[in-house]
Amino acid sequence: MGISVEGANKCFGDFQALDDVSIEVPDGSLTALLGPSGSGKSTLLRAIAGLETLDAGRVLIDGEDVSRTPTQKREVGFVFQHYAAFKHMTVYENVGFGLKIRKWKKDKIRARVDELLNLVQLPGLADRYPSQLSGGQRQRMALARALAVQPQVLLLDEPFGALDAKVRKDLRTWLRNLHEEMNVTTIFVTHDQEEAMDVAGQLVVMNQGRVEQSGSADDLYEKPANEFVMSFVGEVNRLGDNFVRPHDIEIVRDRDDSTEEAMVQRIVALGFEIRVELVLGDGTEVWAQLTRGELQRLELQEGQIAYLRPVQAKSFNGAPPSDTSGASTPQGSADGGDAEVSAAV
């Protein structure tokens, strides 16, 4: 089922949590609401679930206006960050709780719970209590419970936020595979850009209660609509009025008209990637992403003077950034914004 939110507004006292928010979530898609804390993403998710009532605007599920429809009638599964498990119930009882409330017969509940525990890779754990599970196992139990009632829409609020990095990465892969198998329209909230780009087919970037941009990870990374999206989706350096990705900074040993002098402050090896932190003459700190081979070729050392050449830059002030030859040659603009792009040829 596709989801549409049209002109959503929500205030909590003087705080504007949602400010004229409109989004489209295609049927069967996996969409991430991405943004910093307080950007409105969880409020939007709760409004879709029916857990918050909008001051203005509406929510449509499969083309039907459900803005005043109670949560239990929206056919929505909701998973909170902290699982909200019933501690006194076993895994089996937690997963089957919604079915019991709906007065399913015991044999059908047993069959459905067994099916879901296999699906979420928790076979043989039906008789354990939540306290006997790892964080990743509790999160999969919460997802099984949400899926038990066969929702048309699955909503996940920071589902992996309470887990360590390794477990989060494993669960991201698992969620992506589960979505492909279940094909349930899914929206999840996260402030982790890597998580959103890894899992979701569509990203909706929010800030201060508004949608800044929506699209694929490539769209947002390559064609950001404004400075906020450029800075929030992926690493970026600011050089004057220009924004430059770390992998778009070339380090050379010799000065020319297209370079800027910098001192190497720190070199950090991160597996295959090398992070080179530098400081410009005016005190601006930047960093460049190199491979090990590039580092060896340049023979860089901390404290050494090097020269930086932006290979590609973006500007959002209406003025085109300078390319590596020193000329101002706009190559294009970001969708939804006035960003100019300059590329070395």
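Reader: Let me start with a detail: which residue stands opposite Ile 61 in β5?

Author: This is a predicted model, in which local features need pLDDT of at least 70, side-chain atom pairs count only at pLDDT 80 or more, and totals for chains, interfaces and linings use all residues. Residues are numbered from 1 along each chain as its sequence is written, and side-chain values use heavy atoms, with hydrogens and water left out. Strand β4 (residues 56-61) is joined to β5 by two bridges and the strands run antiparallel; strands (E, at least two residues) and helices (H or I, at least four) are DSSP runs numbered from the N terminus, and two strands pair if DSSP finds at least two bridges between them. Within β5, the residue opposite Ile 61 is Glu 64.

Reader: Thanks! Which strands stand at the edges of the sheet that holds β5?

Author: That open sheet has four strands in the order β2-β1-β4-β5, with antiparallel pairing. An edge strand here has a single partner strand, so one side is left without a neighbour in the sheet. The edge strands are β2 (15-25) and β5 (64-65).

Reader: What about the open sheet of six strands: by how much are neighbouring strands turned against each other on average?

Author: The order in this sheet is β6-β7-β8-β3-β9-β10, and the pairing is mixed. At its edges stand β6 (76-79) and β10 (210-215), each with a single partner strand, so one side of each has no neighbour in the sheet. Axes are lines fitted to C-alpha atoms, for helices over the stretch in contact, and angles run from 0 to 180 degrees between N-to-C directions.

Reader: Which helix lies across β6 and β7?

Author: First, the strands: β6 pairs with β7 (residues 153-157) in the parallel sense over four bridges, and Gly 77 stands opposite Leu 154 in β7. The helix across these strands covers residues 135-148 and runs at about 165° to β6. That helix is α4.

Reader: How is α2 oriented to α4, roughly parallel or roughly antiparallel?

Author: The axes of α2 and α4 come within 7 Å and cross at roughly 25°. Angles under 35 degrees count as roughly parallel, over 145 as roughly antiparallel, 65 to 115 as roughly perpendicular and the rest as oblique. The arrangement of α2 and α4 is therefore roughly parallel.

Reader: How many nonpolar residues are in the contact of α2 with α4?

Author: The contact (heavy atoms within 4.5 Å) is made by Val 91, Asn 94, Val 95 and Leu 99 of α2 and Met 141, Ala 144, Arg 145 and Ala 148 of α4. Ala, Val, Leu, Ile, Met, Phe, Trp, Tyr, Cys and Pro count as nonpolar, Asp, Glu, Lys and Arg as charged, and the others, Gly among them, as polar. Beside one polar and one charged residue, the number of nonpolar residues is six.

Reader: Is the arrangement of α2 and α3 oblique or roughly parallel?

Author: Helix α2 (residues 91-101) packs on helix α3 (residues 106-119) with axes 9 Å apart and an angle of about 125°. The two helices are therefore oblique.

Reader: Which residue takes a positive phi in the hairpin of β14 and β15?

Author: Strand β14 (residues 260-270) and strand β15 (residues 273-280) run antiparallel, joined by eight bridges, and Ala 269 stands opposite Ile 274 in β15. The hairpin has two residues between the strands, and the one with a positive phi near 70° is Gly 271.

Reader: Last one: are the rings of Phe 228 and Phe 232 stacked or edge-to-face?

Author: Rings of Phe, Tyr and Trp (its six-membered ring) pair if their centres lie within 6.5 Å; planes under 30 degrees apart count as stacked, over 60 as edge-to-face and the rest as tilted. Phe 228 and Phe 232 are four residues apart in helix α8 (residues 227-232), which separates them by about one helical turn. Their ring centres are 5.4 Å apart and the planes stand at 10°, so the pair is stacked.
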